Amino acid sequence: MPFTPFHMGAALLGKGLSPGSQSIVFFGACQVAIDLEPAIKMLIGYSGSLHSITHNFFGMAVTVALCGVLWSWAQKQAWWGQGMPVLSKTSLWDTAWWAVVTHFLLDLMSHSDMGYGSSLWIGIEEAEGLAIALGVMGLVSLAIRWLSRKVIGGVQALLMTDRRRETPD
């Protein structure tokens, strides 16, 4: 699966289901971090498994910790205020875990070199389809949230207008 685009479907689903505790930008950064291992191995022409160091349970925990600590440190720096999101600790760790675990699961479904008996392996095309479906579900969820806020806000505005009319001067 390409490095980040298909994995971002899970980011949209996370944002749609829990908008206050998920950061799409940080999710993308975690995707790049976990895929540094396969990227380097491809660049140097490595012929063994591309997914071994960062794509296991220990590697996932290390990736989450490094991403969280680095992002936390970076957002305290003076240069960070250039449009990058400042995340709460909850958002930071929720996003990091969601990003790394969904990445691992999608890679387990799409790459036969992942090991673990490849019990979830379904093939790259099917895994990409699943990732797109996750993104569509996330977009639908975000659209429903947006529309419900607009409708509720409109109803509240109408109710306030009606109350003002009923109040004697």
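Alanine 131 touches Phe6, Gly9 and Leu106 when residues up to four places away in sequence are not counted. The structure described here is a predicted model, and within this model alanine 131 is found in helix 6, which comprises residues 124–166. Alanine 131 has a relative accessibility of 2% and therefore counts as buried, since burial is assigned under 20%. Between alanine 131 and proline 5 the separation is 126 residues in sequence, whereas the C-alpha to C-alpha separation in space is 9.2 Å.

Two helix pairs that involve helix 5 were then examined. Two packed helices are described by the angle between their axes and the distance between the axes. For helix 4 (residues 57–74) and helix 5 (residues 89–110), the packing angle is about 145 degrees and the axes lie 9 Å apart, with helix 4 passing helix 5 in a right-handed crossing. On the helix 4 side, the contact is formed by Phe57, Met60, Ala61, Thr63, Val64, Ala65, Gly68, Val69, Trp71 and Ser72, which meet Leu92, Trp93, Ala96, Trp97, Val100 and Phe104 of helix 5. The residues of this contact comprise 13 that are nonpolar and three that are polar, with no charged residue.

In the second pair, the axes of helix 2 (residues 24–34) and helix 5 come within 9 Å and cross at roughly 45 degrees, and the two helices are therefore oblique to each other. Helix 2 likewise passes helix 5 in a right-handed crossing. Classified by residue type, the contact of helix 2 with helix 5 contains nine nonpolar and four polar residues, and no charged residues.

For cysteine 67, in turn, the closest cysteine sulfur is that of cysteine 30. By this criterion the count comes to zero disulfides. Cysteine 30 counts as buried at 0% relative accessibility, and cysteine 67 is buried as well, with a relative accessible area of 10%.

Note on methods. Residues numbered from 1 in each chain as written. Predicted model: local features only at pLDDT ≥ 70, side-chain atom pairs only at ≥ 80, totals over all residues. Heavy atoms only, no water. Axes fitted to C-alpha atoms, helices over the stretch in contact; angles between N-to-C directions. Helix = DSSP H or I, 4+ residues; strand = E, 2+ residues; numbered from the N terminus. Left-handed = near helix turned anticlockwise from the far one by under 90°. Contact = heavy atoms within 4.5 Å. Nonpolar A, V, L, I, M, F, W, Y, C, P; charged D, E, K, R; others polar. Buried < 20%, exposed > 50% of the residue type's maximum accessible area, 1.4 Å probe, protein only. Parallel < 35°, antiparallel > 145°, perpendicular 65-115°, else oblique. Disulfide = S-S within 2.5 Å.
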